[in-house]
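Dear colleague,

I am passing on the structure that follows, together with some notes on what turned up when it was examined. Please keep it open beside you as you read.

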Amino acid sequence: MSYCPNTPEQIREMLAVIGKTAVDELFEPIPRGLRAKSFNLPAGVSEQELLVQLQEMAACNRHLINFIGGGYYDHHIPAVVDHLTGRAEFYTAYTPYQPECSQGTLQALFEYQTAICRLTGMEVSNASLYDGGTALAEAAMMALRITGRNRIVIDASVNPFARQIVTTYMKNLAVELVEIPTSSGSADRSALTEALTDDVAAVMVQNPNFFGSIEDLTAIAHAAHAKGALLVTSVYPISLGLIKSPGEMGADIVVGDGQSLGNPLAFGGPSFGFIATTKKYIRNLPGRIIGETIDREGRRGFVLTLQAREQHIKRHKATSNICSNQSLCALRGLIFLAAVGREGLVELAQLNRDKAEYAKDRLGSIKGVRVLNRGATFNEFTLELPRDAAEVVHTLLDKGLAAGMPLGEYYAGMANCMVVTVTERRSRGEIDALADALEAAL
Amino acid sequence: MNLIFEKSVPGRRGLKLPVADVPRAAALPENLVRTEPAQLPEVSELDLVRHFTGLSRRNFSVDGNFYPLGSCTMKYNAKVTENAAALFADVHPMTPLLPEGETSAQGALCLILGLSRLLAEITGMDEVSCQPLAGAHGEMTGIMLIAAYHRAKRNKKKYVIVPDSSHGTNPASAAMVGYEIITIPSAPYGDMDLDAFRAAMNGEVAAVMLTCPNTLGLFNPHIREICDIAHEHDALMYYDGANLNAILGKVRPGDVGFDVIHVNLHKTFGTPHGGGGPGSGPVGVKRELIPFLPGPRIIKHADGRCGLEKGTSESIGRVANFYGNFGVMARAYAYIILLGREGLIEVSEQAVLNANYMLARLREHFDLPFDRTCMHECVFSASRQLKHGVHAIDIAKYLIDRGYHPPTVYFPLNVKEAIMIEPTETESKETMDAFIEAMIEAANLAEKEPERLHEAPRTMPVGRLDETKAAREQNVCFG
C-alpha cells in the first residue's frame with residue numbers, strides 16, 4: 001500500500017521546479033558513507049492481507065472472564081464514546097497551538113478539566129498526563145518543587161507498578177523515597193506518622209488502595225500538613241461516585257488513571273493520567289492547561305494557558321518535559337462521564353460495590369478462605385487462601401477465569417493472597433461460577 | 001457554544017445501567033461516604049451527540065484540512081489501522097502477569113515484539129522497548145538509560161549537550177533526569193556549530209542530543225564526526241527521532257553512531273494525533289545499553305512463545321503502567337506491514353520531494369535563513385514581511401481563513417519569525433499548489449494591505465483570543 005498521491009508526471013513537474021532530475025538528488029546532502037547499511041523489511045501488503053495477518057495474531061489472545069483489575073478495569077464503554085471520539089475532527093487534529101481553528105479540542109479539554117475538578121473535589125486540573133503511574137511520579141516531582149524538600153513517603157499499599165514508576169523517576173535525583181510497609185491490607189498509620197519528619201515533601205497514598213480497602217485520609221492529611229508536607233492521593237475515578245472525594249479529605253494533589261472512564265483495556269494503553277490540585281499550586285502543575293478567555297469582540301473562547309511553565313518555552317527549566325499527552329483518551333473520559341451523568345456515576349459505583357460485596361461474601365465463606373481487608377472495600381478485595389494463590393489462579397486460568405491477582409511477587413509473605421476485582425460487567429452467574437471453581441481448586 | 005455543563009438539566013438522564021442481579025450492599029461507613037454527587041452533566045444521549053458533533057466542527061484536522069505543522073508530521077492516517085487496533089481492545093494487561101498467563105496474551109505480546117524488531121531494523125539499533133508513552137517520555141527514558149550506563153561504569157557525568165535549534169523537550173527531558181544543560185549555537189549554515197561543540201565537549205558530558213535532520217529540516221553532514229568526538233569522551237549520542245520521516249530507508253541512526261534513539265509512532269508511523277495524544281515513543285539502543293532497558297521486557301522464549309522478562313537488576317525500572325500505549329503500537333505495526341520496505345522508502349522520498357517543492361516555490365516570496373536542499377520540512381522567516389508590520393503569526397491567522405492549518409511558527413527559536421512547513425508525503429501537488437498560492441497572497445497582502453492580515457482570522461467561531469487575560473485570570477474550571 002502507498003498513501004503517496006503524486007503521479008510520475010507530477011513528480012517530474014515538481015523536480016523541474018526544484019531544478020533536479022531525480023528524487024535521489026535531493027538526498028545528496030547525506031554523505032554516501034552515512035547511508036543505511038540495511039533495510040531488511042517485508043514487502044508491503046494490501047488492506048485485506050493485513051487484516052488477515054492481524055486477525056490471526058489477535059486469535060492467539062484468549063478470552064477470559066476478568067476478575068483482575070489493579071488499575072485497569074473491565075467496565076462497559078457506552079457506544080456513544082466510540083462514535084463521538086471517532087470523529088476525525090478530534091481524531092486527526094493535534095495539540096491546539098492555533099486556538100481559533102481548535103476550539104473543539106480546547107473547549108472539550110476545558111470541560112474535561114471541569115469534570116475532573118468536580119469528581120475529585122479539587123480546584124484545578126491539567127488537560128491530562130500519560131497514565132496513572134506517571135501521573136503519580138509527576139505529582140511527586142511537583143511536591144518536591146513546591147516544598148523545596150527532598151524526601152517522599154509512599155505507602156506500600158499504593159499500586160506496585162505505580163510505585164515502581166515513582167522509583168524510576170526519583171532514581172537520578174537527590175531524593176529519598178521512604179516506603180511504609182503495609183499491615184494486612186491497610187496503610188500502617190503509626191509507621192506513616194513516624195516517617196513524617198520535617199523534610200518530607202509529600203505523603204503518597206492510594207484510595208481505595210491496591211488491596212481494595214477504602215480509608216478516610218483526613219487524619220493523614222492533617223498529620224502531613226502539620227509537618228508542612230503535601231498529601232498526594234491516587235484514586236480510582238469510578239469509586240468517587242460513592243466515596244468521599246479526596247478534596248474533602250484534605251488532599252493537595254490528586255492523581256489517577258483514566259482508563260476506567262471510557263477507555264478500552266487495550267493491553268494497557270492508551271489511557272490517560274489525571275492530576276488535580278488547589279489554585280495556589282497551579283503554576284507547579286505539569287503539562288497542558290486550558291484557560292477561558294475572550295476574543296476582540298468579547299466572545300468566549302479557550303486557549304492553552306500558563307505556557308510559561310512548559311518545555312517549548314522554558315526548556316530545561318520547565319515544570320515537566322511532557323509535550324503530547326493523552327488528549328483523545330481524556331476526551332473519552334469526558335464523554336463517558338457526561339454519558340453516565342451525575343446520578344449515573346453514583347449508580348454505577350453502587351452497582352460495582354454491590355457485585356463486589358456479593359462476591360466477597362460468596363468467596364469469603366468458602367472453607368479456608370479469609371477476607372483480608374479489615375474495613376470497607378469498593379469493587380476489589382483481598383483473599384487469603386489456604387494454599388499458594390499463584391497455583392490456584394493458574395488452575396482457574398485453565399477454566400477461562402482470570403480469578404484474581406496473586407500477591408506473592410509484589411508483597412513479601414503474601415504468597416497465599418490474591419486481589420479479586422468485580423466490575424458491573426460481571427454477572428451473578430459468573431461470580432457463582434468463580435466461587436464454585438475456587439472451592440473445587442482448593 | 002455553551003459548555004456541556006451549561007446544557008445540563010437537573011434530573012435528565014443519559015445512559016441506562018443494568019439492574020443489579022445481586023442484593024444491595026450494606027451502606028459504607030459514614031466517614032467514607034460522598035454526601036453530594038459530583039456535579040457532572042445531566043444530559044440525554046442526543047444532547048451529548050449534538051454537543052460533541054458541534055465541538056468537532058470547530059476543529060481543523062488532517063482529514064478536513066491541509067495541516068503542514070512543521071516538526072509534527074501530520075500525515076494522513078490510514079483508516080485500516082483503526083480496524084487493526086480494534087482487534088486487541090479487550091485484552092487485560094494483567095493477563096500475562098498471571099501464572100502461565102502469557103499463553104492467553106500471545107497475540108498482543110507477539111505484536112509488541114514484532115514491532116520492536118521492525119523498529120530496530122528501521123533505525124539500525126540492537127533492541128527496542130516500546131514502553132515509553134510519547135516522544136518526550138521516550139527522550140526521558142533514553143536519558144535515564146544513559147545515566148544508568150554511566151553509573152554502571154562509574155563515570156562522573158554532569159551535562160547533556162543540545163543545540164539551540166533542538167525541541168524544548170530535549171533539554172527538559174535531560175533536566176528531569178538531573179542533568180545540567182549546555183546549549184550549542186547554530187553555525188551560519190544551520191547546523192550545530194562544530195567548533196563551539198568541540199570547545200564545549202568535556203569528560204563530564206553524559207550525552208549529546210541531536211535531531212537529524214534538525215528542526216530546520218537540514219541534514220548535518222558532520223554527524224559521524226560529532227559521534228566520534230562524543231565517544232572519545234565516553235559521552236553517548238542520543239537521536240531524537242521526531243524527524244525520522246525524512247530518512248526512512250536512507251539513513252539509520254544506529255549505523256551512523258547513535259547509541260540511543262526514540263521514535264514517535266504518531267509522527268513517522270502514521271498513527272492519529274488525537275488533538276494532542278496519545279502518542280508513543282519507543283526507545284532503541286545499542287547492545288551495551290540493553291541491560292538497562294525498562295522492565296518488563298517482551299522476549300521470545302526458547303519454545304517460540306512470546307513472554308515477559310522482569311528486566312535485569314541493572315534495568316532503569318518501569319516507566320509506564322504496563323507495556324506502553326499498545327493501541328498506538330498496533331496501528332503503527334499495521335502501518336509498517338501495510339507499506340513494507342518499498343512503501344517506507346517512498347515515504348521519505350516523497351516527503352523530501354514535497355518539502356523541496358514547497359521551498360522552491362516560496363523562496364522568492366519569503367526569506368530563507370538557510371539556503372540548502374532541505375529534507376522533510378523547510379523553514380522560512382517572515383522578516384521581510386515584518387518590515388510592513390506583519391508577523392509570522394499574522395500570516396498563520398490568514399491561512400486559517402483560507403482553510404489551512406498554519407505551519408509551525410516561532411520555532412525553531414534560532415530563526416526570527418520562523419515559519420516551518422512540513423507538507424508530508426501524503427499531500428498531493430494540487431493541495432500544495434493551492435496552499436502555495438495562499439502563502440503568496442499573504443506575502444502580497446503584507447506589502448499592500450497588512451491590516452487584512454492583522455484582522456485575520458475572520459471566518460472562525462472566535463477571532464484572536466486574549467491570552468494575557470487567560471493567564472492572568474487562570475479560569476481553568478467552570479463554575
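The notes below begin with conventions, go on to each chain, and end with particular residues.

This is a predicted model, in which local features need pLDDT of at least 70 and side-chain atom pairs count only at pLDDT 80 or more, while totals for chains, interfaces and linings use all residues. Residues are numbered from 1 along each chain as its sequence is written, chains are lettered from A and ligands numbered from 1 in the order in which they are written, and side-chain values use heavy atoms, with hydrogens and water left out.

**The two chains**

Chain A has 14 helices and 17 strands, where helices (H or I, at least four residues) and strands (E, at least two) are DSSP runs numbered from the N terminus. Its C-alpha trace spans about 85 × 55 × 50 Å along the principal axes, and 66% of the 442 residues in chain A are buried; buried here means under 20% relative accessible area, exposed means over 50%, and partly exposed lies in between, with a 1.4 Å probe and protein chains only. Of the contacts in chain A (heavy atoms within 4.5 Å) between residues at least 6 apart in sequence, 72% join residues at least 24 apart.

Chain B has 15 helices and 12 strands, and its C-alpha atoms fill a box of roughly 75 × 60 × 45 Å along the principal axes. For 479 residues a compact globule would have a radius of gyration near 23 Å, and the 25 Å of chain B agrees with this; the radius is taken over C-alpha atoms, and the globule rule is 2.2 Å times the number of residues to the power 0.38. Buried residues make up 69% of chain B, and among its contacts between residues at least 6 apart in sequence, 71% join residues at least 24 apart. Chain B exposes about 15,100 Å², of which carbon and sulfur atoms supply 48%.

**Nonpolar cores**

A nonpolar core is a set of buried Ala, Val, Leu, Ile, Met, Phe, Trp, Tyr and Cys residues joined through side-chain atoms within 4.5 Å. The largest one has 177 residues, and those with the most contacts inside it are Phe197(B), Phe269(B) and Ile419(B). The largest share of this core, 23 residues, comes from α10(B). Apart from it lies another core, of 77 residues, among them Phe110(A), Val203(A), Leu331(A) and Phe5(B). Beyond its neighbours within four places in sequence, Phe197(B) touches residues that include Ile161(B), Met192(B) and Ile229(B).

**Where the chains meet**

Helix α7 (residues 160-170) of chain A is mostly covered, with 9 of its 11 residues buried, including Phe161(A), Arg163(A) and Ile165(A). These buried residues pack against α6, β3 (151-155) and β4 (176-180) of chain A, together with α4 (135-152) and α5 (169-176) of chain B.

Asn321(B), in the loop between β9 (306-309) and α10 (326-362) of chain B, is buried, with a relative accessible area of 8%. Leaving aside neighbours within four places in sequence, Asn321(B) is in contact with Tyr72(A), Asp131(A), Gly132(A), Gly133(A), Phe161(A), Ile165(A) and Asp257(A).

**Backbone points to check**

Most residues other than glycine have a negative phi, and most peptide bonds are trans. Cis peptide bonds join Asn207(A) to Pro208(A), with omega about -10°, and Cys212(B) to Pro213(B), with omega about 0°. Pro208(A) lies in the loop between β7 (200-207) and α9 (218-226) of chain A, and Pro213(B) in the loop between β4 (205-211) and α7 (223-232) of chain B.

Ser128(A) has a positive phi, near 120°, and sits in the loop between β2 (124-125) and α6 (132-147) of chain A, where it is buried at 0% relative accessibility. Phe267(A) has a positive phi near 50° and lies in the loop between β9 (253-257) and β10 (273-277) of chain A; its relative accessible area is 0%, so Phe267(A) counts as buried.

With best wishes

Terms used:
Accessible areas come from the Shrake-Rupley method with a 1.4 Å probe; for residues, only the protein chains shown count as cover.
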